[in-house]
Amino acid sequence: MRNTLTIAGRELQSYFVQPVAYVVMTVFLLLAGWFFFALLRRFELILEMYAALRNQPGMQNFNLNQAVIEPLLHNLAVVLVILVPAVTMRTFAEEKRTGTYELLLTSPVRTGEIVAGKFLAAGVFVIVMVALAGIYPLILVFFGNPEIGVMFAGYLGLAFVAVCFVAVGLFTSSLTSNQIIAAISSFGALLLLYVISWPAEAGEVQFAGLLRYLSLPEHFAQMVKGIISTQDIVYFLSLIAVALFLTQRSAESARWR
Amino acid sequence: MIEVKGLTKAYGSFVAIKDVSFTAERGQILGFLGPNGAGKTTTMRIITGFMPATAGRVLVEGLDVFSQSLEARRRIGYLPENPPVYSDMRVEDYLRFVAKLKGVSRNGLDEAVQKAARGCGLEGVMRRICGQLSKGYRQRVGLAAAIVHNPPVLILDEPTIGLDPRQIIEIRKLIRGLAKERTVVLSTHILPEVSQVCDKVVIINDGRVVLEERLDQIARGMSLEDVFLKAIAEEEAHGLVGEAELEEVEAGRSSEPTQ
């Protein structure tokens, strides 16, 4: 445990010393602000349109949660597909390239502790980032009346998505000593996770159920709608567990090559 | 105390070291000599538990580095060929990080870091960023990191490389001081270094130990250089005898080992 914290501490520190953390956070929050602004503007426009048309039922069914927060969260998840690999690509690849990996592997530390430390650091970082993006819906609470429970579930979902991405990113980084390769392959894996159910949506194909189950947005969408079900949580947790297990194996295998 | 017994390491079909055995006693500095690609780094990486051997055993302070890996690693200080320094950290933070990683207790942390830094002449650069240090200072930071947890066994892969003459003298003095109650294995290309610093020499060529001898037992009138060249020449002549061995030598030349 102490080793894990030691490694996580160093890792987090290096995010902020090499300004990766600031750049990634700035980009994420800027884009989130832009999406928020655009969605709010659209919300306002549609509301005016309904009012002009005297469309009572339309106005009643139209709300901030569905029109602003849901699409905002979905957009942010896609932004994470690109940004998380930029955070995780360094984790193992850089240590292998600079030789500091030799220090870690010859220290009295288990490989699992190394993986856990790196996961903890990157996980905390993305969770903080997602939480900071929570300022936008918070603005809505002051000026409107969105459903807070639904909003919270959605942000929890986004945090789960981010942490899953971190686990996958750690795995691809552990496979190589080249950061670009780590980033591209993790980006590819995450995007695939995102679109894996597309054949199933086009019509009945074999394994349609399986593809839908594997699809990450399928589970994320439930949480964005405000439904926190065990099934989705289990999906996220098992994805994290599988990715971390593979990372541990691959990090350990560096010894055998 | 380090006991290396019948160590063999194969990368695929390429045999990097073959049946390497030697012993280093406490209080002794063992000079590990050999031409480039002879298997020095491979041997040291196996001793430090960085990678496992294909065959053979290594005992560090009586602990098997494969089966009692964590315990053995706690007792080893290791300076790899390239000092494993995080270029974005301050020297002080780096040494503190390594000390924690090596299991130095929270209370002893400050003292351990100070002592290692003093020993390696780093007091003046504690607040500097490692990446901005000269090669010589990085080397010293690496050495300080290797001794920060006060290990009974030190493995140093070319510790004086990249240092200026004054620093070389200082580091040698430091290593000699450290060796009083420790076991030190030191690899180098510099032959005079061995005769000045070491008590014992192991010469390795093409993955095989060709000589293991105490320095004071080496024949009078014979310089270490003569011994080294003679041992390697004998080994190569010997290699030409059997065809199978010749093939192995050639395979070794065509596919360079990853160092």
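**Sheet and interface of chain B**

Analyst: Four strands of chain B form an open sheet in the order E2-E1-E4-E5, with antiparallel pairing. This is a predicted model, in which local features need pLDDT of at least 70, side-chain atom pairs count only at pLDDT 80 or more, and totals for chains, interfaces and linings use all residues. Residues are numbered from 1 along each chain as its sequence is written, with chains lettered from A and ligands numbered from 1 in the order in which they are written.

User: What makes E4(B) and E5(B) a pair?

Analyst: Two strands (E, at least two residues, as DSSP runs numbered from the N terminus) pair if DSSP finds at least two bridges between them. Strand E4 (residues 55-60) of chain B is joined to E5(B) by two bridges, so the pair qualifies. Within it, Val60(B) has Leu63(B) as its bridge partner.

User: Why are E2 and E5 of chain B called edge strands?

Analyst: Strand E2 (14-24) and strand E5 (63-64) of chain B each pair on one side only.

User: What counts as contact between the chains, and how many residues take part?

Analyst: Residues are in contact if their C-beta atoms, placed from the backbone, lie within 7 Å. By that criterion, 22 residues of chain B are in contact with 18 residues of chain A. H3(B) gives the most to the side of chain B that touches chain A, with four residues.

Terms used
Contact = placed C-beta atoms within 7 Å.
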